[in-house]
Amino acid sequence: MSTRGLFDDMGLDGVHELGPRACVLRGFARPVAGDLLKAINEVARISAFRHLVTPGGYTMSVAMTNCGALGWTSDRRGYRYSAIDPYTGSPWPAMPDSFKRLAHDAAAAAGFEAFEPDACLINRYAPGAKLSLHQDKDERDLGAPIVSVSLGMPAVFLFGGLRRDDPTAKVPLFHGDVAVWGAEDRLRYHGVMPLKDDPHPDLGSYRINLTFRKAG
Ligand code: MD3
Ligand code: FE
């Protein structure tokens, strides 16, 4: 990739570098967005979106479900990956082939070969929903990258450092954008600002984010 500065402006397409091994592939998922939305509805018919409770007793503003062999879940006992959806008592829906292909191809485009995720967390944001600053560290294999796909309303992503109090940069994420990060950027703190209501033609007043991980 180039020697552009960390947070210079970009057009709607291309690669926006966030760190040495973190980038946004602008519009990478746009060609398959319709297929993804259909598949998300099928997943949610089996394992519905739900507002999980954190170990601290707060109900999350983001609604979540999963597909794939493992799904991320939370309750008063802690955060964990589970092969069973605790709300249905059955395995999570299988990860659609269109999801696997997109995650693999985006990782490869960002320089991470042979990414085969076993977990896809699906986050649904309504206006006002947010994700506080956190690290993704519940996965067994921290050597694998994470691929994140944004659909629907735009969001402002907070991109921090390896310590909670490191400064954060604000990065807008739009419908079809794919973020990929790994290696020395894998444990960066990050979050999502409260969502503004700016309805999207395909999704109305929602934003959906797919997060692909190697969890097991
Ligand atoms: C971190 N979800 O579910 S990760 C999560 O928009 C989560 O719902 C975000 O954080 C969401 O745990 C998507 C977005 C992201 C993008 C680039 C990064 C996180 C990053 C680069 C470095 C570190
Ligand atoms: Fe995260």
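Select Arg213 and ligand 1: in this predicted model, a polar side-chain atom of Arg213 lies 2.9 Å from an oxygen atom of ligand 1. Such a pair is a polar contact (N or O atoms within 3.5 Å). The protein covers 98% of the 530 Å² of accessible area that ligand 1 has on its own; accessible areas come from the Shrake-Rupley method with a 1.4 Å probe.

Residues are numbered from 1 along each chain as its sequence is written, chains are lettered from A and ligands numbered from 1 in the order in which they are written. Local features need pLDDT of at least 70, side-chain atom pairs count only at pLDDT 80 or more, totals for chains, interfaces and linings use all residues, and side-chain values use heavy atoms, with hydrogens and water left out.

Next, select Arg207, where an N or O atom of the side chain is 2.8 Å from an oxygen atom of ligand 1.

Move to His190, in strand E12 (strands are DSSP runs of at least two residues, numbered from the N terminus). Its side chain has an N or O atom 3.0 Å from an oxygen atom of ligand 1, and also reaches the backbone oxygen of Arg188 at 3.0 Å. His190 is buried, at 8% relative accessible area (buried means under 20%, 1.4 Å probe, protein chains only).

Now show the shell of ligand 1. There are 19 residues around the ligand, and Asn123, Tyr125, Phe159, Arg207 and Arg213 come nearest (a residue is near if one of its heavy atoms lies within 4 Å). Finally, color strand E13 (207–213): the largest share of the shell, four residues, comes from E13.

Definitions and conventions:
A polar contact is a pair of N or O atoms within 3.5 Å; within protein, one must be able to donate a hydrogen and the other to accept it, and residues adjacent in sequence count only if both atoms are side-chain atoms. Buried means under 20% relative accessible area, exposed over 50%, partly exposed in between (1.4 Å probe, protein chains only).
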